[in-house]
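Please keep the viewer open as you go through the points.

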Amino acid sequence: SIDAKAMASALRNVGFQVVEGTNLTRDKMTERLLDFGKKAQGADVAVFFYAGHGLQVDGENYLVPTDARFSSRSELGDLTFPASKLYASLVAAAPEVAVLILDACRDNPMAGQVSTAPGLASGSVSASAFTQRPNSGGMLIGFSAAPGAVAYDGAGGNSPFTTALLQWIDRPGLEVGTMFRRVRGTVVELTRGAQVPWVEEALLREVYFNGTEPVDGDRQGDAEPVEIALLETIRALDNPDEQLVALEFFDQAMIQPATTYL
């Protein structure tokens, strides 16, 4: 819920109309998805962000509501929320550009009760299929970790993936493809290479979450932002204990909206 609230605030700040929900049961998830689908109809850019537990079974990704209690695979379809259902909702809403972001590669406490693969699968929904709709601007699907890898949850704060998104998502004039590459680099730094975000992208035009002109010092191709320079300094520390403390400080500091550091 911390990640979802922070992302909702960040998206509002750059002009998105937000349908927000936290700690939802399956019925409430369905209600929010229907509301989201209505508001996303014909939109220029529609963004769906999910943070929470997720699991992978037979190549399908399932998002796990707060009231899910299952003991066999046959119950997953009725008690959880298939990611393919989110995709179908985006297709039906027909925005020009769709962005699906899943910070859901975390170990589920109930996963041991059914045989599941670790992390999420990248092929349960296809960004390329979205481009077949007439006048589509394409789709991007962002995963918090590589296929089959489990992402870190964060120690009482935002997850590393959401922390990185908050750092970059509202940067003026930052194209979405470049933004996700910067997110990946930040997560790799924060987790010392243990977590590598994954993107499936089939965009047919450039997309900007914040289309205003970039401020001096943050134009693409210009000098490194202060955050990246700070990460390089931390990585160069010889003392492992000092490096760990510095990384923990950086993780907490970057939870604040990125505009604080422009």
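Helix H6 (residues 160-168) packs against helix H7 (residues 176-190) at about 135°, with the axes 9 Å apart. Residues are numbered from 1 along each chain as its sequence is written, and side-chain values use heavy atoms, without hydrogens and water.

**Helix packing**
- H6 passes H7 in a right-handed crossing.
- On the H6 side, the contact (heavy atoms within 4.5 Å) includes Phe161, Leu165 and Trp168, and on the H7 side it includes Phe180, Val183 and Leu190.
- By class, this contact has 10 nonpolar, three polar and one charged residues.

**Aromatic pairs**
- The whole structure holds two aromatic pairs (ring centres within 6.5 Å).
- Phe16 and Phe209 form an edge-to-face pair (planes over 60 degrees apart), with 5.6 Å centre to centre and 90° between the planes.
- Phe16 sits in the loop between helices H1 and H2, and Phe209 in the loop between strand S6 and helix H8, 193 residues apart.

**Confidence**
- The chain averages a pLDDT (the predictor's confidence in each residue, from 0 to 100) of 82, and 77% of the residues score at least 70.
- Residues 219-224 stay under 50, with 10 contacts beyond four places in sequence.
- Residues 255-262 also stay under 50, with 21 such contacts.
- Where pLDDT is low, the predicted coordinates should not be read in detail.

Notes: Predicted model: local features only at pLDDT ≥ 70, side-chain atom pairs only at ≥ 80, totals over all residues. Axes fitted to C-alpha atoms, helices over the stretch in contact; angles between N-to-C directions. Helix = DSSP H or I, 4+ residues; strand = E, 2+ residues; numbered from the N terminus. Left-handed = near helix turned anticlockwise from the far one by under 90°. Nonpolar A, V, L, I, M, F, W, Y, C, P; charged D, E, K, R; others polar. Phe/Tyr/Trp six-rings, centres within 6.5 Å; stacked < 30°, edge-to-face > 60°.
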